[in-house]
Amino acid sequence: MAIRVVKVARPEKMSFGESVYLLEIVKGLGVTMRHFLRNMARQENIPTIEYPEVRRVMPARFRGCHRLMKRPGGAPRCVACYMCATACPAKCITIVAGESPDPKIEKYPVRFDIDMLRCVFCGQCVEACPVDAIRMDTGWYTMPENTREKLIYTIDMLLEK
Amino acid sequence: MSPLFDLAVAVARIAVFISFCLGLVVILTWVERKGAAYIQDRRGPNRARILGLTLGGIFHPLADAIKFLFKEDFIPDGAHRLFYQMAPMFALAPAIMTMAVIPFGPPVTIAGHQIPLQIADLNVGILYLFAISGMTVYGVVLAGWASNSKYPLLGGLRSSAQMLSYEVSMGLSVVGILMVFQSVQLSEIARGQGELLFGILPKWGVFVQPLGFILFLTALYAEANRTPFDLPEGESELVAGYHTEYGSFKFSMFMMAEYIHMVVGSAVLVTLFFGGWQFPYLADAGFAFPGGVSFAVPAWAVLSLRIGSFVVKTVFFCWVYVWVRWTIPRFRYDQVMRLGWKVMLPLALINIFVTGLVLLLIDKGI
Amino acid sequence: MPTFTINGMTASVPDGTMILEAARQIGIEIPHYCYHPKLSIAGNCRMCLVEVEKFPKLQISCNTVVTEGMVVRTDTEKVRKAVTGVLELMLIHHPIDCPICDQAGECGLQNYYMKFGLHKSRYALEEKVHKKKVQDIGGQIVLDAERCILCSRCVRFLREVTGTCEMEFFSRSDHSEISIFPGRPLNNNYTGNLADICPVGALTNKDFRFKCRVWFLKSADSICPGCANGCNVMADFKGDILYRFRPRRNDAVNRTWLCDAGRLEYKKANDYRLLTPVIREAGQAIAAAWDAALFTTALRLREAIEAHGPESVAVIASPQSSNEELFLVRKLAAEVVRTPYLGFSSLTPGRRLEDDFLIKADKNPNSQGARLLGITEEGFVRTVKAISEGRIRALLVFGSGLADFSDGETVALLSRVPFVAQVATNEGALSRAAHAVLPSASFAERGGTFTNFAGRVQRFQPGFPPRGKAKNDIEVIAGLANQLGAGWKFAGEESVFRALAETARPFSGMSYESIGDLGREARDGGPPSGGR
């Protein structure tokens, strides 16, 4: 879709009424008063969302916090292939792979840390994942925390989301 | 009557009027925030609650007050300690003092003693008003200089230039009123506006001096450092202007000064241009509408209608301050100066000249 | 010398050269799996098909000898179609488990699929024949039979190189797979090579398993420090951690092989490292700044020289040091300290395994270099004798250990010396007993040359800067010498090697350029010139 440039015609000189300014001020006051009265009368139409109590429903394709998917048995679906870590432009994913104790699974992530302070929410990790183990569909932003350590999400936190 | 009675009455008047003003200030801060919110399609303050009640955020001024009281009262390094501390007082004191000459109502007679509903009915009322309100600039300039910081200094300088410029127009814009009502005493001016113009229109200042009203209103906003003339604290350029370095209760004193200015400014505007305590077509005995229709009203009702009309008018103009603030953007500094000196001053002078001419013609009976 | 034409280019190659090898020499890469330059030709993968004029069918280039006037084309549609078909056949039963396969990134199947395949699978995943995965078949190797393309490189390696023949094909057709004989795991010292020669992920290295994806690794050309053979390796690292050694082809030294023990030598550069200078005073170890540590060491050496003469100071060199470092150590001992006590020991603790292929009994990479520079093992014996007689007041030791002494022997010996300074990479009994510990860079963190048992001088390159506060040995030795008033001006190993080539006869006429990637024999014989 090409960007459309709209030329707005603007008068070169203000008319006398405009240059006196008073009438324009009254018009402006009218605009603000209209807003005021409308919002006074119908408070439910105010677009403000009262955040902690009400949360905006994010669009379906919103890229939010990561989560790791589980297999039917509860083990992480992740096979520690490092594709996400390779694709990540911010280098925020740290994986340590290991031999799984479950004989049906060969390789699994011993550690899977996402540094949310570094993450740029680009979604490349989700694109890269060959087993659909990582998703960004939690529909929510990174929670604020008071230390940097708390913002390094470990595998347990990511599996819970 | 005894001097003790006079004293008691004086103290009572001061107490009542000051608490009226300060109460209005408290409510105004809430009105400003809530009004701004509704004008901008927001909800505004609605979080502070007492016993689970928010009542549209009406407790926020209380929360603010408590917050300001308990914040650390600091003095920045390098500030002039004495002047830094004096500045907020210099800002607040004149604002409160100007209240003294505002007539809240006609004089009442209690126990055979006539009591003016006015703290001090000075015969130089308007001169006093200008003298005292002219001192406000000291608080701002002092704050700007004593903070020893560049943004406050710039704010203070802007403020001094702006206040001086608009003081001139403000003074000249009311000269027309003084000429019409032939008094500088505010109680006299208020009483003078009880008459009718051409037999139908109340002889309010705004009707006899429409240009003067517009000039005065504009100058009033400039004097109170309110948008569109809030350059001394223009946050987009100067962080917070002259009170950048202030915190805690000292900051709240600046804020209070600003809001008291709004209240007193509105009261003066009402007194000069909107009939003060006059209720349209209400004489001492009762209503007397043009066309001969009249009916009597008891004296206490007349009094309360008059006081009520003053309060309502004042509150309305306080709201206009808020309304204007969220409607008109801030001027550029050169625009402020051009408006002050090249538009308002000539217009004020023309207004005086035309008023004088008209009065002369009326006097000559033409 | 037959002359032939390939893709329109004409070239002459020696008699008996196969097309694949001839093409490689002029820079044309022909895809292949089963062909390996150091193994016999099997010709069973069929990937290297090329079109040869006058031949009715496509030929496998790995087993077709170049003849006079032969016209070969590798870039025709016919060849491409054939190779793509062969690749699809190989991938029919491949599990496509690249995400968990350690070979991913250096896998022949992946590379050629991207080049020739890019086809959609025509074979449903459920219909694939499954074989046993994750089999520990002994040695350093994990076998995944499913991933195997049956190229037989491993079978040939075990038959022709080690002669142990532990692996063979079993079953037939789709179910054909390689494996070991039941109950008889891999049993030789070269198992690690199986992972290298396996073109796919069927044989992978147990030690490297799941440690790191290969595309994160960078590589430095290095020399295995594990024994006197001086096998050429590529030291793969990420950040400042070494992950593995891979053999580097050098037909004169190790061909393309590496022993299992050497493969694990990289760990020395990772574990138990000395990373900060330490001064030990009255039994209290204090981490020191480099300036202070060098100053203290030089001060104590000078005090000993002034109080008891230069004979009271001894220097023990290390065969783990490069030629350049040994040259400076000798210079320090002879010209700055002027002590007669200079020696080294090629002995190391533990069993000294040896065979007639790559593994040498001398577990040091540069004993021969030390000998060529005139540092003797006899000098070490004399020094130890002088120490045990209490005649040594200050001792400067290079290396992490003393000969084959046990920890107790080391401590007992050193307790007779009032001041011991050590320059080493790894901690041990020696570093715990030394009064000054000066940490030096590992073989992956510095450059230089080693002289192998046969007198071949080979370069090793630095991969990454020294870890922690460790410093290049050359800087440490020169710093110490300059603290003692030597006024040396050496900048980097190359300047040292130039001085070395000028003064030490076995190395005369050598330069880093002439050594190149594959090394060069030192001029043997004759006593070293001494360089005084």
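# Close-up views of a predicted three-chain model

**View 1. Chain A is divided into domain 1 (15-48) and domain 2 (67-160), with the bounds coming from an automatic or database domain assignment.** The centres of domain 1 of chain A and domain 2 of chain A, taken over C-alpha atoms, are separated by 51 Å. This is a predicted model, in which local features need pLDDT of at least 70 and side-chain atom pairs count only at pLDDT 80 or more, whereas totals for chains, interfaces and linings use all residues. Residues are numbered from 1 along each chain as its sequence is written, while chains are lettered from A and ligands numbered from 1 in the order in which they are written.

**View 2. Chain A contains five helices and five strands, where helices (H or I, at least four residues) and strands (E, at least two) are DSSP runs numbered from the N terminus.** Along the sequence, these elements of chain A follow the pattern α-α-β-α-β-β-α-β-β-α. Along the principal axes, the C-alpha atoms of chain A fill a box of roughly 85 × 40 × 30 Å. Of the 161 residues of chain A, 21% count as buried, a residue being buried if 20 or more other C-beta atoms lie within 10 Å of its own, exposed if 12 or fewer, and partly exposed in between, with C-beta atoms placed from the backbone.

**View 3. Eleven residues of chain B are in contact with 13 residues of chain A, two residues being in contact if their C-beta atoms, placed from the backbone, lie within 7 Å.** On the side of chain B that touches chain A, helix H1 (residues 3-39) of chain B gives the most, with three residues. That side of chain B has six nonpolar, two polar and three charged residues, where Ala, Val, Leu, Ile, Met, Phe, Trp, Tyr, Cys and Pro count as nonpolar, Asp, Glu, Lys and Arg as charged, and the others, Gly among them, as polar. Of the two pairs of chains in contact, chains A and B share the most contacts.

**View 4. Twelve residues of chain A are in contact with seven residues of chain C.** The elements giving two or more residues to the side of chain A that touches chain C are helix H3 (83-87) and strand S2 (93-99) of chain A, and S2(A) gives the most, with three residues. The residues on this side of chain A divide into seven nonpolar, two polar and three charged. No contact joins chain B and chain C, whose closest C-alpha atoms lie 40 Å apart.

**View 5. The domain assignment of chain C gives domain 1 (3-89), domain 2 (129-269) and domain 3 (278-521).** The C-alpha centres of domain 1 of chain C and domain 2 of chain C lie 27 Å apart, and the contact takes nine residues from domain 1 of chain C and eleven residues from domain 2 of chain C.

**View 6. Phe295(B) lies in strand S6 (residues 294-296) of chain B.** Phe295(B) counts as exposed because it has 9 C-beta neighbours inside 10 Å. When residues up to four places away in sequence are not counted, Phe295(B) touches Gly286(B) and Phe287(B). The C-alpha atoms of Phe295(B) and Ala285(B), ten residues apart along the chain, are separated by 8.4 Å.
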